[in-house]
Amino acid sequence: QVQLVESGGGLVQAGGSLRLSCAASGRTFSRYRMGWFRQAPGKEREFVAAIRWSGSTAYYQDSVKGRFIISIDNVKNTVYLQMNSLKPEDTAVYYCALSLEGVPLKYDYWGQGTQVTVLS
């Protein structure tokens, strides 16, 4: 089993920054992908960013490109999401997830989420 624990959410003014962390524990895998998703009130959960275990490849939703940076520390088993130039529309619960990169791609483990609120 895998446990994912997010932290770093909070309240910030528009234009500000936050860094989310997601610490993984439990089973280890030789290859995997870590992702961040978010869900705003009344909306479906959406993909934000993902990164492969090697850190060599990252993926972003178009609306966060140039503002958010995903990174991974394999020694600490932690993935980060640096969020800059935050906008009120970034307000959501942010979830960390781990994918074993099966076909089709799906995320197999999820964290409990952390709230991010951006004030206008």
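This is a predicted model: local features need pLDDT of at least 70, side-chain atom pairs count only at pLDDT 80 or more; totals for chains, interfaces and linings use all residues.
Biologist: What is the phi of E101, which is not a glycine?
Modeller: Most residues other than glycine have a negative phi. E101 has a positive phi, of about 60°.

Biologist: Is E101 buried or exposed?
Modeller: Buried means under 20% relative accessible area and exposed over 50%, with partly exposed in between (1.4 Å probe, protein chains only). Because its relative accessibility is 16%, E101 counts as buried.

Biologist: Which peptide bond is cis, with omega near -5°?
Modeller: Most peptide bonds are trans. The proline concerned, P104, has its place in the loop between β9 and β10 (109-110), and P104 counts as exposed because its relative accessibility is 66%. The cis bond runs from V103 to P104.

Biologist: What separates the C-alpha atoms of P104 and L119?
Modeller: Along the chain, P104 and L119 are 15 residues apart. Their C-alpha atoms are separated by 37 Å.

Biologist: Which residues lie nearest the centre of the largest pocket?
Modeller: On a 1 Å grid over the protein atoms alone, a cavity is a set of points where a 1.4 Å probe fits but cannot get out, whereas a pocket is an open set with protein on both sides within 12 Å along at least five of seven lines; lining residues have an atom within 4 Å of a point. Grid points are joined across faces, edges and corners, and a volume is the space filled by probe spheres set on the points; the largest pocket has a volume of about 200 Å³. Of its 17 lining residues, those nearest the centre are A24, R27, Y32, N77 and L98.

Biologist: Which element gives the most to the lining of the largest pocket?
Modeller: Two or more lining residues come from each of β3, β7 and β8. With four residues, the element that gives the most is β3.

Biologist: Which cysteines does the disulfide join?
Modeller: A disulfide is a pair of cysteine sulfur atoms within 2.5 Å, and the count by this rule is one. The S to S distance is 2.0 Å, and the link is left-handed, with -75° about the S-S bond. It connects distant parts of the chain, strand β3 (residues 18-26) and strand β9 (residues 92-99), through cysteines 74 residues apart.

Biologist: Which residues does S21 contact, leaving aside its neighbours within four places in sequence?
Modeller: S21 is found in strand β3 and is buried, because its relative accessible area is 16%. The C-alpha atoms of S21 and T78, 57 residues apart along the chain, are separated by 6.7 Å. With contact meaning heavy atoms within 4.5 Å, the residues are V5, E6, S7, W36, T78, V79 and Y80.

Biologist: Which residues have the most contacts inside the largest nonpolar core?
Modeller: A nonpolar core is a set of buried Ala, Val, Leu, Ile, Met, Phe, Trp, Tyr and Cys residues joined through side-chain atoms within 4.5 Å. In soluble globular proteins, nonpolar side chains tend to be buried together. Here the largest such core has 29 residues, and those with the most contacts inside it are M34, W36, L81, M83 and Y94.

Biologist: Which element supplies the largest share of this core?
Modeller: At least two core residues come from each of β1 (2-7), β3, β4 (33-39), β5 (46-52), β7, β8, β9 and β11 (114-119). The largest share, four residues, comes from β9.

Notes. Residues are numbered from 1 along each chain as its sequence is written. Side-chain values use heavy atoms; hydrogens and water are left out.
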